[in-house]
Amino acid sequence: MMGGMDRYYQIARCFRDEDLRPNRQPEFTQLDLEASFIDESFIFDLIEELTCRMFRVGHIELLRPFSRMTYQEAVSRYGTDRPDTRFDMTFEDVTSVLQDTTYGIFRDIIGQGGLVKGFCVKGQGHALSKNVLQNEYAMKIVPSFGGSGMTWMKVVDGRLESNIVQFFSEAEQAGIMDAFNAGEGDVLLMIADTAHPLVHSVLCDLRLHVAERLHLIPEDTFNALWITDFPLFERKADGIHSLHHPFTMPDRTDFDPGKPDELLTLRSRAYDLVVNGEELGGGSIRIHTMDVQRKIFDALGLTPDEIESKFGFFLSAFEYGTPPHGGLALGLDRMIAMILKTPSIREVIAFPKNRRAWCPLTRAPSPASPHQLDELGLLKGSGRKGFTAGATPRTGDRRPIQKQQTITREEVRHVARLARLRISDTEAERLQQDLNAVLSHFETLQELNTRDVPPMSHVLDLKNVWREDQAHPSHMTEPILENAPDRDADYFKVPRILEG
């Protein structure tokens, strides 16, 4: 746009360092477009028409105009910025209803500024028994989502039933039923926590889990919507950061870059296209004036020298007159997979990467030679020779063995402390000798063949269990517990969070 090109589109091959999922690949294809002198309405009209035509090829009709929902509404009602709107169960906030409750857990959470939210599962009381709700969801499933617990209630004979309903007054029970618009046979699931984002994320996972379990998601239904008004900035431990990137136009330009609280109220002119809970594309209206761009850099804490070294060329281009412009990119692989109703985008990519981000056909990424790494400056200053900056080994690789450093006694003790183990000087010395002997052996090898070595990853959670076909008297545990720093009966007693 700065170079005078009014509009363009490109089908681009992209590479992104992300974890692999059914809807993600490190190498993917996107349709990218940009245009001058436009606003959001131009993008919405153009992309809606294009998306409808693409889905029509797969005999899928999308309703226009697409729905629109703000980021705040999406997170508040669905717990995510890519909500699946094919089914109901939106969240309701009952914090105010329970403001004066005598139920201790809720009272403490609300007193600390916490949140109590939940959703109603209509007419599924027969499918979600008390045992399932308490022993599966409250005790296992919700903790696996990161929640500390779950409160459930069922509407039976016009009244609420649960293991804690007796702690709520008649007025509170009536307020809860009214807030959820609950009727006979409905089930209410609630999460309470002082961390508001945690409440939303746990409820989001719980909503999807319940819907899939009870087959509440209609098949062959496609709901498209635009998510708008994203926050421009977010606060992290080390300061203010851009939620997307620092070139998105804010909703207003009269902000003070030195006031973090004011920055967090800004909204961006960004938008995402979401269909059935999947983000298919996203973009924004871009910044086109130098003063606004400098204010954004100042807000991010960049010094004048950093701005000049990183973006000096970019700011200089503004001096020649940059038109208002915006754009969007669509993920073609993800969109085609949805149109063809395949479970993974790997099904619509000619040569997809596997679960280890490795291409079985081309065997990429392949190892780089020391000469190539040195030529790119990736070995300078490392103090080592060999494959110190090479690609991650894959199954089937043959790799030269690089020289290892000697393990010290203090390193052995450090690992023992992390594992909460108490070891004697003799044990530390023996471990040090054994580990260094292993490293010395590997140094004698010319190459390491990992062809038949399975990947060290686990799909399922690991569990330590006793053998059930043999008795295990208590004296068997004594040798195991000798190194425990603290004990609780026949168990290691460890802190809730391990400190490194």
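Trainee: What makes β10 and β11 a strand pair?

Mentor: Two strands pair if DSSP finds at least two bridges between them. Strand β10 (residues 233–236) and strand β11 (residues 239–242) are joined by four bridges, so they count as paired. They run antiparallel. Helices (H or I, at least four residues) and strands (E, at least two) are DSSP runs, numbered from the N terminus.

Trainee: Which residue of β11 is the bridge partner of Glu-234? And what joins the two strands?

Mentor: The partner of Glu-234 is His-241. A hairpin through two residues joins β10 to β11. A note on method: this is a predicted model, where local features need pLDDT of at least 70, side-chain atom pairs count only at pLDDT 80 or more, and totals for chains, interfaces and linings use all residues. Residues are numbered from 1 along each chain as its sequence is written, and side-chain values use heavy atoms, with hydrogens and water left out.

Trainee: What is the strand order in the open sheet?

Mentor: Five strands line up as β4-β5-β8-β6-β7, with antiparallel pairing. Inside that sheet, β6 (residues 151–156) and β8 (residues 187–193) share four bridges. Thr-151, for one, is bridged to Met-190 in β8.

Trainee: Why are β4 and β7 called edge strands?

Mentor: β4 (92–93) and β7 (159–161) each pair on one side only.

Trainee: Why is Cys-359 called buried?

Mentor: Buried means under 20% relative accessible area, exposed over 50%, partly exposed in between (1.4 Å probe, protein chains only). Cys-359 has 4%, so it is buried. Cys-14, at 14%, is buried too.

Trainee: How do you know that the span of α1 agrees with expectation?

Mentor: The expected span is 1.5 Å times one less than the number of residues. Helix α1 (residues 40–57) has 18 residues and should span 26 Å. Its end C-alpha atoms are 26 Å apart, so the two agree.

Trainee: What makes one face of α1 the buried one?

Mentor: Its buried residues include Ile-43, Phe-44, Ile-47 and Phe-55. Down the axis of α1, the buried residues fall within an arc of 160° (taken from the directions from the helix axis to the C-beta atoms), so they line one face. The face turned away carries the exposed residues Arg-53 and Val-57.

Trainee: And what about α13?

Mentor: Helix α13 (residues 425–443) reaches 27 Å over 19 residues, close to the 27 Å expected. Its buried residues are Ala-428, Gln-432, Asn-436 and Leu-439. They fall within an arc of 55°, so they line one face of α13. Their cover includes α12 (409–418).

Trainee: What makes a set of residues a nonpolar core?

Mentor: The members are buried Ala, Val, Leu, Ile, Met, Phe, Trp, Tyr and Cys residues, joined through side-chain atoms within 4.5 Å. The largest has 38 residues; Ile-43, Ile-47, Phe-55, Trp-226 and Phe-233 have the most contacts inside it. Helix α1 gives the largest share, six residues. A second, separate core of 25 residues includes Phe-87 and Ile-191.

Trainee: Which residues does Phe-55 contact beyond its sequence neighbours?

Mentor: Contact means heavy atoms within 4.5 Å. Leaving aside neighbours within four places in sequence, the partners of Phe-55 include Leu-62, Phe-222, Leu-280 and Met-335.
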